Amino acid sequence: MNFLRKLRRDNADGGSITTYLLYGIGEIILVVIGILIAVSINNWNEEKKSQKELLNIYTIVKADLENDIADINRILGIHQETRHLYGKVLGDSLAKQDYALYPRAAFLIMGYPEFSMDKRGISLLGEFRSNSEHIQDTLMTTIIDFYSERTLEIEVDDKFRAMDFEDNYMHWKNNYEWWQGYILRTDFTGFLEYATTDSDYKNRVANFYFLTYDIFLPELVLFKNGALEIISTIDNRMRDS
């Protein structure tokens with residue numbers, strides 16, 4: 001600035017064209033520097049704004065995962081309570097009279113607790129990544145990859161469970177006279193005869209058991225464990241921010 005002031009005085013005192021040009025170039029350089037500084041400050045502010053938005057999204061993802069874990073624990077608990085009944089049916093240790101002691105045994109394959117992920121956070125995170133491609137964040141990539149893999153596995157398993165349930169439901173409905181009494185829970189006589197003498201029932205229970213305990217529930221445990229790791233990482237990120 002002192003240099004430019006001197007050039008301005010020299011120019012005002014009738015300085016040479018060279019002096020005038022140097023002054024003009026100096027002014028231009030100052031303007032460019034000012035613009036670059038302004039752009040840098042604006043970029044810094046935008047970066048801080050984006051990082052704050054990302055942290056807010058991580059908070060939502062964490063809440064979603066905590067809700068999912070609670071739902072998974074509920075489902076695991078329900079299936080833990082009924083697992084021994086599958087063993088009794090498949091081991092031929094349930095006689096007709098025993099169904100009175102275990103009412104739930106009559107409906108082992110007539111329904112199942114569903115798992116529905118909370119996806120608000122991952123939806124926001126996907127939108128954020130699309131709109132902020134300049135931001136590279138390993139945690140964001142980890143979360144998106146986690147949801148992509150685990151959602152696919154669980155949806156495939158859910159599809160097979162739903163198909164199996166529908167097949168059982170329609171088969172009984174269309175082929176057995178005892179269906180009305182069974183579904184309305186007014187007369188279990190025909191069903192109990194079928195359940196204790198027909199191998200078709202054991203086959204259906206075995207298939208339902210396989211889809212649930214050998215395929216679906218292990219996927220829920222994988223989801224839960226992965227979710228716990230992500231929650232821990234989010235907590236660390238929040239503490240460091």
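Predicted model: local features only at pLDDT ≥ 70, side-chain atom pairs only at ≥ 80, totals over all residues.
**Arg150 and Glu149**

I started with Arg150 and Glu149, whose side chains meet in a salt bridge at 3.6 Å, N to O. My cut-off for a salt bridge is a side-chain nitrogen of Lys or Arg within 4 Å of a carboxyl oxygen of Asp or Glu. Arg150 is buried at 10% relative accessible area, while Glu149 is partly exposed at 47%. For these words I use under 20% relative accessible area for buried, over 50% for exposed and partly exposed in between, with a 1.4 Å probe and protein chains only. Glu149, Arg150 and Glu219 belong to one network, joined by salt bridges that share partners.

**Ground rules**

Residues are numbered from 1 along each chain as its sequence is written, and side-chain values use heavy atoms, with hydrogens and water left out.

**Overall layout**

I looked up the secondary structure next and got seven helices and zero strands. From the N terminus the elements read α-α-α-α-α-α-α. Helices (H or I, at least four residues) and strands (E, at least two) are DSSP runs, numbered from the N terminus. Of the 241 residues in the chain, 36% are buried.

How many salt bridges does a search of the whole structure find? I got twelve.

Lys202 pairs with Asp92, with the closest N and O atoms 3.2 Å apart. Lys202 is in helix 7 (residues 199-240) and Asp92 is in the loop between helix 2 (17-90) and helix 3 (120-131), so this pair ties together parts 110 residues apart in sequence. Lys202 counts as partly exposed at 25% relative accessibility. Asp92, at 57%, counts as exposed. I also checked the backbone at Asp92: phi is positive, about 55°, although the residue is not a glycine.

Arg237 and Asp137 form a salt bridge too, at 2.8 Å from N to O. Here Arg237 sits in helix 7 and Asp137 in the loop between helix 3 and helix 4 (138-175), 100 residues apart. Arg237 is partly exposed at 25%, whereas Asp137 is buried at 10%.

**Helix 4**

Asp137 turned up again at the start of helix 4, where one of its side-chain oxygens reaches to within 2.9 Å of the backbone nitrogen of Leu139. I call that a polar contact: a pair of N or O atoms within 3.5 Å where, within protein, one must be able to donate a hydrogen and the other to accept it, and residues adjacent in sequence count only if both atoms are side-chain atoms. Helix 4 has 38 residues and reaches 55 Å from its first C-alpha to its last, close to the 56 Å expected at 1.5 Å a residue. The expected span is 1.5 Å times one less than the number of residues.

**Helix 7**

Where does helix 7 bend? I found a bend of about 35° at Phe216, and a proline, Pro218, follows within four residues. The bend is the angle between axes fitted to the seven residues ending at a residue and the seven starting there. At the start of helix 7, a side-chain oxygen of Asp198 comes to within 2.9 Å of the backbone nitrogen of Asp200.

**Helix 2**

Ile25, Ile29, Ile33 and Ile37 form a nonpolar patch on the surface, with about 360 Å² of accessible area together. Patch members have over 30% relative accessible area and no salt bridge; like charges are joined within 9 Å, nonpolar side chains (Val, Leu, Ile, Met, Phe, Trp, Tyr) within 5 Å. The areas are Shrake-Rupley values with a 1.4 Å probe, and for residues only the protein chains shown count as cover. An α-helix has 3.6 residues a turn, so residues three or four places apart point the same way. Ile25 is in helix 2 and is partly exposed at 47%.

**One more phi**

Arg185 has a positive phi of about 60° although it is not a glycine. Arg185 lies in the loop between helix 5 (179-183) and helix 6 (189-197), and is exposed at 57%.
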